[in-house]
Amino acid sequence: MICENISVSRDGSHLLFAGQDTVSLAQEYGTPLYLMDEERIRSRCRTYKAAFARNFGPGSVPLYASKANCFKRMYQIMQEEGMGIDVVSSGEIYTALQAGFDLSKAYFHSNNKTDWDVAYAMDNHVGYFVADNAEEIKAVEREAGKRNFRQQVLLRLTPGIDPHTYEAISTGKVDSKFGVAIETGQASDLVGFVLKQPHVELCGFHCHVGSQVFAEDVFERAAVKMLDFIAEMKRKYGYEARQLDLGGGYGVRYVESDPHLDIDVKVDEVARTIHSTCERLGIREPEIHMEPGRSIVADAGMVLYTVGTVKTIPGYKSYVSIDGGMGDSPRYALYKAKYTLYAANKMAEPCDFKASVVGRCCESGDIIQAGVMLPSSIHRGDIIALCTTGAYHYSMASNYNRLPRPATVMLSGGTSYVAVRRESLEDLVRNDL
Ligand code: LLP
């Protein structure tokens with residue numbers, strides 16, 4: 001099985017997720033359905049927390065990247081697990097607030113925060129802004145000045161590192177739309193500017209090199225570049241950064257051929273590089289942060305669908321259409337992302353039928369996965385499970401073709417509960433006048 005929280009019922013016929021029968025869950029809650037394994041989310045948080053406690057000094061915390069999957073219950077879990085959060089919009093801030101999350105542990109990202117966002121975040125006491133550019137620093141200075149306080153800020157830098165992931169999610173290169181480049185000297189100039197702002201407290205620096213990263217030493221190389229920059233700022237301005245945030249990005253297994261990353265080992269490796277580099281440069285070791293999203297929630301998720309039609313075009317190909325699609329699972333349509341699928345009620349049958357599993361949107365690109373092997377008996381009413389869907393599915397879902405978004409059901413300790421209600425047809429017209 002692609003992840004250890006996936007197994008098969010005793011008689012071999014049904015797929016289990018977090019020990020629970022997915023066919024019964026589909027019957028109870030309907031499909032399409034997002035499932036989330038709460039224990040898995042908590043155990044990933046604990047792995048990061050323990051690795052940070054073991055390796056880094058006080059104040060160093062992992063920050064859950066909300067963009068991976070954001071709803072109220074998720075923030076409550078993050079709060080209970082002692083995680084900080086990365087938020088990227090007023091919408092994520094509002095959701096965290098509604099969940100009762102302590103926003104002093106929130107880091108506000110985005111390459112374009114509007115004046116309204118800046119004011120909203122300040123009024124709600126978001127702990128840190130991760131500022132992307134000089135325009136933002138000016139807006140933060142203006143709004144903080146009006147409120148007569150100093151806003152804590154990190155600067156987002158591009159260390160010029162190619163993480164060998166796909167282009168759409170590679171963000172740390174010099175020509176990125178995000179952050180300020182170290183290589184061009186712009187980052188250094190911006191630090192000089194920030195240090196002159198009376199209502200901005202510069203706490204340190206941030207970088208994020210990309211997502212779904214497996215390449216060996218990407219985080220180590222980024223850490224060295226960032227620490228070199230910290231040392232340069234100390235020489236140039238006498239300013240020593242208190243925090244270094246290395247962003248998110250560790251990859252997860254979607255298919256058998258993806259490697260398995262051991263977060264404990266990875267964080268230990270980065271920590272060794274940080275310790276030795278700080279010593280070499282003669283700088284105080286900053287508080288360290290990272291912003292894992294995918295590696296916290298991806299393999300805690302699964303989507304269940306019901307098969308509607310099976311169509312074979314002799315001499316060409318076969319299609320299995322399901323009752324969801326790119327609206328709830330857009331990653332194949334966007335990135336040709338690979339996934340593992342199972343026929344959840346036919347686990348004992350051999351998979352000898354090749355088909356593309358497709359959605360119900362009016363678009364040929366609405367594909368869940370092309371050319372997968374399924375049992376040849378697959379027909380209307382069967383349940384298809386799409387694995388590793390806890391990250392960037394619900395958070396990227398849309399109502400394209402006016403399809404309501406699925407419910408999210410949490411699995412915990414052998415029971416289940418609804419964390420996000422299924423959208424109704426009434427929900428779809430809620431804002432229509
Ligand atoms: N921090 C920053 C500043 C980020 O931009 C991201 C992701 C993260 C942390 C979390 O990265 P993670 O640990 O989840 O890899 N929609 C794409 C992924 C976009 C990632 C955007 N930024 C996908 O579905 O693959």
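Predicted model: local features only at pLDDT ≥ 70, side-chain atom pairs only at ≥ 80, totals over all residues.
Local features need pLDDT of at least 70 and side-chain atom pairs count only at pLDDT 80 or more, while totals for chains, interfaces and linings use all residues. Side-chain values use heavy atoms, without hydrogens and water, and residues are numbered from 1 along each chain as its sequence is written.

The ligand is surrounded by 21 residues (a residue counts if one of its heavy atoms lies within 4 Å). Ser 211, Glu 291, Arg 294, Arg 331 and Tyr 392 are the closest. The shell comprises seven nonpolar, eight polar and six charged residues. In this division, Ala, Val, Leu, Ile, Met, Phe, Trp, Tyr, Cys and Pro are nonpolar, Asp, Glu, Lys and Arg are charged, and the others, Gly among them, are polar.

The side chain of Ser 211 places an N or O atom 2.3 Å from a ligand oxygen. For the side chain of Tyr 392, the corresponding distance is 2.7 Å. Gly 293 contributes a backbone N or O atom, 2.9 Å from an oxygen of the ligand. The ligand alone exposes 590 Å², of which the protein buries 91% (Shrake-Rupley method, 1.4 Å probe).

The ligand takes up the space of the largest pocket. A pocket is an open set of points on a 1 Å grid over the protein atoms alone, where a 1.4 Å probe fits, with protein on both sides within 12 Å along at least five of seven lines. A molecule sits in a pocket if more than half of its atoms lie within 2 Å of its grid points.

Three strands form an open antiparallel sheet, ordered 1-2-3. Strands are DSSP runs of E, at least two residues long; helices are runs of H or I, at least four. Pairing requires at least two bridges. Strand 1 (6-8) and strand 3 (20-21) are the edges. Strand 2 (residues 15-17) pairs with strand 3 over two bridges. Leu 16 has Asp 21 as its bridge partner.

Ala 18 lies in the loop between strand 2 and strand 3. Its phi is positive, about 50°, although Ala 18 is not a glycine. The Thr 31 to Pro 32 peptide bond is cis, with omega near -10°.

Terms used:
Polar contact = N/O pair within 3.5 Å; in protein donor to acceptor, adjacent residues only side chain to side chain. 1 Å grid on protein atoms, 1.4 Å probe; cavity = no way out; pocket = protein on both sides within 12 Å on 5 of 7 lines; lining within 4 Å.
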